[in-house]
Amino acid sequence: QVQVAESGGGLVQAGDSLILSCAASARTSSTYTMGWFRQAPGKEREVVAGITWNADRTYYTDSVKGRFTISRDNGKNTVYLQMINLKPEDTAVYYCAVRAYYMSATVPTVPGGYNYWGQGTQVTVSS
């Protein structure tokens with residue numbers, strides 16, 4: 001079992017920046033692919049970014065490329081999502097997800113590729 005906890009959401013204005021953090025409980029979390037998803041009201045949950053256990057592969061959805069950066073600190077079992085130049089369309093609940101497969105080389109882009117999820121953190125961007 002892996003406990004996942006996000007933090008760092010909030011209310012910001014368009015053009016502002018935020019950093020989301022995701023802490024995973026298991027000692028082996030440093031060997032897992034982790035991802036960020038988001039879900040806006042009335043919309044399906046969509047992938048935002050993902051990173052393999054050793055950060056040799058990352059994925060970004062097209063709408064956030066150049067604005068969001070995913071990174072991880074395996075010593076802290078924590079993954080970060082740095083978001084700059086936020087737009088109103090980035091408003092959503094952001095979820096952290098863990099793919100609990102040892103040293104997986106893949107970054108799934110669908111929710112079914114992940115085993116454990118956090119409760120989500122709200123990001124609201126006003127225009």
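1. A disulfide is taken here as a pair of cysteine sulfur atoms within 2.5 Å. The structure, a predicted model, holds one disulfide, and this bond joins C22 to C96 with an S to S distance of 2.0 Å.

2. On conventions, the model being predicted, local features need pLDDT of at least 70 and side-chain atom pairs count only at pLDDT 80 or more, while totals for chains, interfaces and linings use all residues. Residues are numbered from 1 along each chain as its sequence is written, and side-chain values use heavy atoms, with hydrogens and water left out.

3. The torsion about the S-S bond of C22 and C96 is about -80°, so the disulfide is left-handed. The pair links distant parts of the chain, since C22 lies in strand β3 and C96 in strand β9 (residues 92–99), 74 residues apart; strands are DSSP runs of E, at least two residues in length, numbered from the N terminus. Both C22 and C96 are buried, meaning under 20% relative accessible area with a 1.4 Å probe and protein chains only.

4. Four strands form an open sheet in the order β1-β3-β8-β7, with antiparallel pairing, where two strands pair if DSSP finds at least two bridges between them. Its edge strands, each pairing on one side only, are β1 (4–7) and β7 (68–73). From one strand to the next the twist averages 15°, with axes being lines fitted to C-alpha atoms and angles running from 0 to 180 degrees between N-to-C directions.

5. Within this sheet, strand β3 (residues 18–24) and strand β8 (residues 78–83) pair in the antiparallel sense over six bridges, and S21 stands opposite Y80 in β8.

Technical notes:
Buried < 20%, exposed > 50% of the residue type's maximum accessible area, 1.4 Å probe, protein only.
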